[in-house]
Amino acid sequence: MTVVSPAAEPRRGKPWLQRALPYLLVAPTLIFITMFTLRPAVQALWDSAHSRPRANQPFAYVGSQNYEDLFNERHFIGRQYVKILHNTLVFTGGTLVVSLPLALLLAMLLNRKIRALGLWRFCVFYPVLLPMIGGATIWAFLFSDSIGLLNTILRSFNLGTVPWLLDPDTVLPSVIAVNIWKQTGYFMLFYLAGLQGIPRDIYEAAELDGAGLFRQFWNLTLPLLRRTTLFLLIIGVTFGFQTVEQLEVMGRGNPANRSNMLLYYIFQLRNEKLNTGHVAAMTVILALILLIFTSSNFFLFERGRHDEKA
Amino acid sequence: MTRRLRRPGDGWRLIGTALTVAFALLWLLPLVFSILMSVRPTRSSIINGNIFFACDLEEEPPGPTVGVGPCWFTGDNYAGAWEVAPWPTHYANSILFVTGTLIVQIPTTTMAGYAFARMQFRGRSLLLGLVLLQIMIPSGILIIQNFAMIRQLGVFDTQLALMLPYWGSAFGVLLLRQTFRGVPLELEEAARMDGANWLQLMRHVYVPLSIPAYISFALISISSHWNEFLWPFIVTRSESVRPLTVGLNKLFHTTDLGANYNQMMAGTLIVIAPLVVVFLLFQRRFLESFAQSGLK
């Protein structure tokens, strides 16, 4: 280490470095975020307002035409897009409607003094840690037409078999089931933390007042976990809108795009040369949806936390 | 005095335990099923169309097998799955991907985390807003534009292409910013009095006091990138750089499904086993870190 004596170097170097230091410290992070979030977001915005009629012609400004095409059921891309947007909403809603109450139930079951707690917790939580590709591979097999477990069970009771992933009407519910299996353990973790934050004596007081278990649940547990539920709803929506992996393994959006979803559709169209404007418009819409949900999450929770601290 | 009154919860407790066991078994079923499949001879599952319940294969299948009652078990599927893909390469690639990402993330998030936690400078809120943008628009959805960027940079089909977008981590910056704010300011002042420069301040004060946050961040970063599929799939082409998830996907799509599901399950288990083992070893830490990941 070189020690610069104050007499030899009168104050000039130090304040300069001191003023620049914060910018130097944030620079690496900002450079990567600019390169891979800001720049591509602006690019998608620009691309979504441009189009070219033929592959060798230059891009021309088309205003909101690409967006209008997406929602125009007579346009070839709109016919698919509206269906896929609908699928994504059903998938996200269907997952949350089942997995949130289930997660709360499991959290309440595991928040008691029971034997082999770690084992039960592992059983519910391990899907969270598996790569979705691996989990979906197993499930693709459970759903398999001729030798899958589900159809084997149906057959052994002499019920007809169901072509789970091949039938347009059963493919989306099947994919939702896999998602519930994967995510419930994650949601449960937050409910578990929420439950452990509720003081025990509240329940003792309620019990003295003669409130039964159901009353305690409706009037105490549920309202006290409102923030957790809201938080999980929001991140659940953002997860749902980024679904890709299980679609790649469980039918690639088929049959007839009945299980396709927003991000996977963008991924499928990545090599299209003519519809870059439409694909960019899809990206912008997806980004806006996520932006709304994640920023509401931030303002509802992150803000509150800092106020508490300050 | 009086005998202890029967509490209204006693019946519920029994129902609760039954429910716990039922859900746990239901959730475990896919894993148990895949393990069973992976050790059964290929033919028996096809002939019967009945994997769980029937073991009535008349003759011993070829290859090394172990018979338990009427059932035959074999290690063939694992041997077969091990050969169809270069798993050691995929393993090495996954390990390189997660460590290479984390090793750069730690200094970048530490630096920015400290600046946003403890320094006053012009444009601070604006820059913090820019960082937050990464949480609000996950770079995973900007795949098409980012793929073009990787092409432009000339790093397509390299390990660098996998890691680059993750070297700046808004989540890490926010987590460390919050943690650093909890470090008593007097410690920093004392260190400065002793003539510590910024690096020494980090090394002797902030980093040692924030080890739990670093562990949480490391576990979350490692497990999310280990499981990542879409980005590696898009920016790589050769098996020599592709991670496990992409290798498994290829195995799935190239396996003749009717004929070789047993081998497919063995391959899947080869991929997911290490993560399950690591989770079992560090269960508590994992659960704590994941619980932190959302609410921070």
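A:Trp164 touches A:Phe143, A:Leu150, A:Thr170 and A:Ser174, residues up to four places away in sequence not being counted; two residues are in contact if their C-beta atoms, placed from the backbone, lie within 7 Å. The structure is a predicted model, in which local features need pLDDT of at least 70 and side-chain atom pairs count only at pLDDT 80 or more, while totals for chains, interfaces and linings use all residues. Residues are numbered from 1 along each chain as its sequence is written, and chains are lettered from A and ligands numbered from 1 in the order in which they are written.

A:Trp164 lies in the loop between helix H6 (149-156) and H7 of chain A; helices (H or I, at least four residues) and strands (E, at least two) are DSSP runs, numbered from the N terminus. With 23 C-beta neighbours inside 10 Å, A:Trp164 counts as buried. A residue is buried if 20 or more other C-beta atoms lie within 10 Å of its own, exposed if 12 or fewer, and partly exposed in between, with C-beta atoms placed from the backbone. The C-alpha atoms of A:Trp164 and A:Val175 are 9.5 Å apart, at a sequence separation of 11 residues.

Other positions of chain A were examined in the same terms. A:Leu274, in the loop between helix H12 (262-268) and helix H13 (276-309) of chain A, is exposed, with 11 C-beta neighbours inside 10 Å. Its C-alpha atom is separated by 33 Å from that of A:Thr170, 104 residues apart along the chain. A:Glu68 belongs to helix H2 (residues 65-70) of chain A and is partly exposed, with 13 other C-beta atoms within 10 Å. From A:Glu68 to A:Leu110 the C-alpha distance is 50 Å, for 42 residues in sequence.

Most residues other than glycine have a negative phi. The phi of A:Ala116 is near 55°; this residue is placed in the loop between helix H3 (76-110) and helix H4 (117-129) of chain A and is exposed, with 12 other C-beta atoms within 10 Å. For B:Asp157, phi is near 65°. B:Asp157 sits in the loop between helix H6 (143-153) and helix H7 (159-163) of chain B and is partly exposed, with 15 other C-beta atoms within 10 Å.

The largest nonpolar core has 137 residues; such a core is a set of buried Ala, Val, Leu, Ile, Met, Phe, Trp, Tyr and Cys residues joined through C-beta atoms within 7 Å. Those with the most contacts inside this core are A:Trp139, A:Met188, A:Tyr191, A:Leu262, A:Leu263 and A:Met282. Helix H7 (residues 171-196) of chain A gives the most to the core, with 12 residues. Domain 1 (9-74) and domain 2 (83-295) of chain B both contribute residues, so the core lies between them; the domain bounds come from an automatic or database domain assignment. Beyond its neighbours within four places in sequence, A:Met282 is in contact with A:Leu70, A:Tyr81, A:Leu262, A:Tyr265 and A:Ile266.

Between the chains, 74 residues of chain A are in contact with 81 residues of chain B. Helix H1 (residues 13-48) of chain A provides the largest share of the chain A side, 18 residues. That side has 56 nonpolar, 14 polar and four charged residues, where Ala, Val, Leu, Ile, Met, Phe, Trp, Tyr, Cys and Pro count as nonpolar, Asp, Glu, Lys and Arg as charged, and the others, Gly among them, as polar.

Chain B has 15 helices and two strands, and 39% of its 296 residues count as buried. Of the contacts in chain B with a separation of 6 or more, 70% involve residues 24 or more positions apart. The domain assignment of chain B gives domain 1 (9-74) and domain 2 (83-295). Their contact takes seven residues from domain 1 and seven residues from domain 2. On the domain 1 side, helix H1 (9-38) and helix H2 (42-48) of chain B each supply at least two residues, and the largest share, four residues, comes from H1(B).

Also in chain B, the axes of helix H5 (residues 124-136) and helix H8 (residues 170-181) come within 8 Å and cross at roughly 120°. Axes are lines fitted to C-alpha atoms, for helices over the stretch in contact, and angles run from 0 to 180 degrees between N-to-C directions. H5(B) and H8(B) are therefore oblique to each other; angles under 35 degrees count as roughly parallel, over 145 as roughly antiparallel, 65 to 115 as roughly perpendicular and the rest as oblique. B:Val131, B:Leu132, B:Gln134 and B:Ile135 in H5(B) meet B:Ala170, B:Phe171 and B:Val173 in H8(B). The residues of this contact comprise six nonpolar, one polar and no charged.
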